[in-house]
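Hello,

Here is the structure I said I would pass on. Please have a look, then read my notes below.

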Amino acid sequence: MQVLKFGGSSVANADNINKVVELVRQALAKDRTILVVSALGGITDMLIQTGTAAAAGDESYKEKLQEIEKRHLDTVKALLPITRQSAALSLVKTRLNEIEDICSGVFLLGELSARTQDKIVSYGELLSSLIVSARFASLDIAHEWKDSRDLITTDSRFGHAAVDFPATNQKIFDYVKTAVAAQLFVFPGFIAADAKGITTTLGRGGSDYTAAILAAAVDANVLEIWTDVSGMMTADPRLVTNVRLIPHISYQEAMELSHFGAKVIYPPTIQPVMKKSIPVWVKNTFAPTDPGTVIELEAAHNGGSIRGISSIAKISLLSLEGSGMVGIPGFSKRLFEALSSQQINVILITQGSSEHSICVGVDDANAAQAKRAVDEAFSVEISAGTVEPLFIESGLSIIALVGEHMKSHPGVSGKMFGVLGRNGVNVRAIAQGSSERNISAVIATTDVRKAVNVLHEEFFETSYRQLNLFITGSGNVGRRLLEQLRQQHDYLLQQLRIQVRVIGLANSRKMIFNNEGIDLDSWKEQLEKGEPMQLDKWIEGITSRNLRNSVFADVTANADVASIYADLLQKSISVVACNKIACSSPYGYYRQLKDLAREYNARFLFETNVGAGLPVIGTLNDLLRSGDKVHRIEAVLSGTLNFVFNNYTGERPFSLVVRQAQAEGYTEPDPRLDLSGTDVMRKIMILARESGEKTEMEEISNTTFLPASCMQGSVEDFYEAMLKEEDHFQQLFHAADKEGKKLKFVARYDNGKASVGLQHIGPEHNLYHLYGKDNVVLFYTDRYSEQPLVIKGAGAGAEVTASGVFADILRIINS
């Protein structure tokens, strides 16, 4: 004997029912078959809405009844030949008239009891099973239709009745034993009856349970649950795009996953078949050749410790706490008795070893009722101040890792909470049974999608890791960064198993978001069509998406953008800053950003603040982390100034050389930031701060070479002023040239003091042989006391700067 159960989507319409009939026909070729069907997809909800509307005195219930009637009659007409329709239509119409009569009574009384609601919703499965039976009859497939209420006996707890298994098993056994000639039995799922024959139901999803009850009673060889998915998955495919099929799973694991929100199978279904070691197959009606999932006593090991990830939404956390609870027996008992008296189901329990508090998770809908019951039960202690009134936190969800093999793999919980912490998911409560089959955590509902994704990535995805990038700035550096991302997309995916998706892109005028990733082949056109850029809405768009592994890249020179880094870091969004303003702001803000990154498990990286793509800051940090100490730094940190002084020979006006530097993309938008030494001051201050010095801009001495007249007016005014001051620049050049030296704008940090200024550098110096736009940094440390550690290379240019930003982005996903 085998039992097949088909869900609502599988019998939603005539076409689907024909698929069911064909699958049953194939099954009959193997063995005697019991078929259990749910109501037509969506009908149970419609019946509940009809009864509720009738009880509220809302005459629209009649329209809902008409919809239900039309749905069923249309299905019969589409399913059966005209010559076989009459009897089926008459039978269906009779049942529909019964629903109408009941709802009319509910409307007149203005009351809908649990018993009456069970009666109303029972018609969904009755009607669908009768229609399926009529289809078998029209094809001359011999079968017996049997009302489940005649065989499955329950208590009178309407809405979620408990099965009387001794009585039920005996009835089913006797029925099947007498029907020896029948090869196919058709049963409506979900419904049962109490000892008085009054209709009850087994809870939403109870058709699975009906099938399991029948399978256990007849000692079936197999139970097949046919649905609209190809088995149980490692996570909810509505939350995670690249879920995996679970080919084998144990009864206990399946119960854990189904209890914690996996909708493929109704939780109580497992218990009856587990006792008889009957395997359960979860199959797809619409892809019957897919392998599906088998639930069995001993599941094959999948090579990992975790079998799946699940979640339950709409949870409230109830906290009972007070000094009067410590060391006093019976508090937990009284708490659970108070909840039980109101028939409130407890989903999760956690208690600290101090006994000062106990937390339980319940359905949101029961929270207010729970508070009234518990506060009443502890009214004496609350009045005395030894226990606080029950505290409720709502808007929460439970996520759970499930796997039989967690107990033999140390560190699973560490990985779980580590990856949640790194992505800014705050855990409100934790529960783990001694079987170590389940680790559950209560988190904010707004974090569920991100949490499930990061956990799935951590425990299941060997294919790739995903990084979600938000880029501010599409100028010289921004454009090249986007091109490098586009160019390297396939390499990153294939060689490094990293998928970088640009989710948001903004410039000073426009901003766009695309949750699936912006097409980098057409980002300019998309951005041009974007909405007007507003910084607050841009940041809100980033934070509200709450995506895992989020990174914000700032490739602007905008102070307003730099001012919002703290908001992002507090949301555990890592920041990559090409923009030097934040790190050269007052020390307090710089320190705050570093501390926030540490506190919220985010990264704050700004390698390109000094030396563009050169590994200056990274090297400095490595020195310090390995125990070295920096005493002195000498550097040429302006690619612009180095380019200018390497190309100025007095033959062309100084202003033209500066224009050339700007045209080739080496200068800031306003070249005076470079030529005045301000940009170099920022860079040496950042290095001093990274070395551990609490220094400010005003503490750095700057021996500037620009005449005051060049600092007035617009950028064009600046160029005109330089032309007028050409004699000044000629004198600077010739003074150094006479000594056989070169002009270099040098930054120094020496035991706590920083300075910048134009110097004459001779051939014997490390800074002399520096050409083009190159930068050089010399670190004098405990370990590099005589011969400095030298970092040298191109220190300006959009391409190398973009590559430095790119490298910082990859450091985050690899950290």
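Gln 432 stands opposite Ile 439 in β17. That strand covers residues 438-444, and four bridges join β16 to β17, which run antiparallel. Two strands count as paired if DSSP finds at least two bridges between them. Strand β16 itself (residues 429-432) has two faces: Ala 429 and Ala 431 are on the covered one, Ile 430 and Gln 432 on the uncovered one.

A word on the source. This is a predicted model, where local features need pLDDT of at least 70, side-chain atom pairs count only at pLDDT 80 or more, and totals for chains, interfaces and linings use all residues. Residues are numbered from 1 along each chain as its sequence is written, and side-chain values use heavy atoms, with hydrogens and water left out.

Strand β19 (residues 498-506) and strand β20 (residues 510-513) run antiparallel, joined by three bridges. The link between β19 and β20 is a hairpin of three residues. Ala 506 has Met 511 in β20 as its bridge partner. β20 also runs antiparallel to strand β21 (residues 531-532), with two bridges between them. There, Met 511 is partnered by Glu 531 in β21.

Glu 690 is found in helix α25 (residues 678-690). Is Glu 690 buried or exposed? Glu 690 is buried, with a relative accessible area of 7%. Buried means under 20% relative accessible area, exposed over 50%, partly exposed in between (1.4 Å probe, protein chains only). Leaving aside neighbours within four places in sequence, Glu 690 touches residues including Tyr 590, Lys 594, Phe 606 and Leu 624. Contact means heavy atoms within 4.5 Å.

Now the whole chain. The protein chain has 28 helices and 30 strands. These are DSSP runs, numbered from the N terminus (helices: H or I, at least four residues; strands: E, at least two). Buried residues make up 54% of the 815 residues. Of the contacts with a separation of 6 or more, 71% are between residues 24 or more positions apart. The C-alpha atoms fill a box of roughly 120 × 70 × 55 Å, taken along the principal axes. The radius of gyration is 36 Å, while a compact globule of 815 residues would have one near 28 Å. That radius is taken over C-alpha atoms, and the globule rule is 2.2 Å times the number of residues to the power 0.38.

Best wishes
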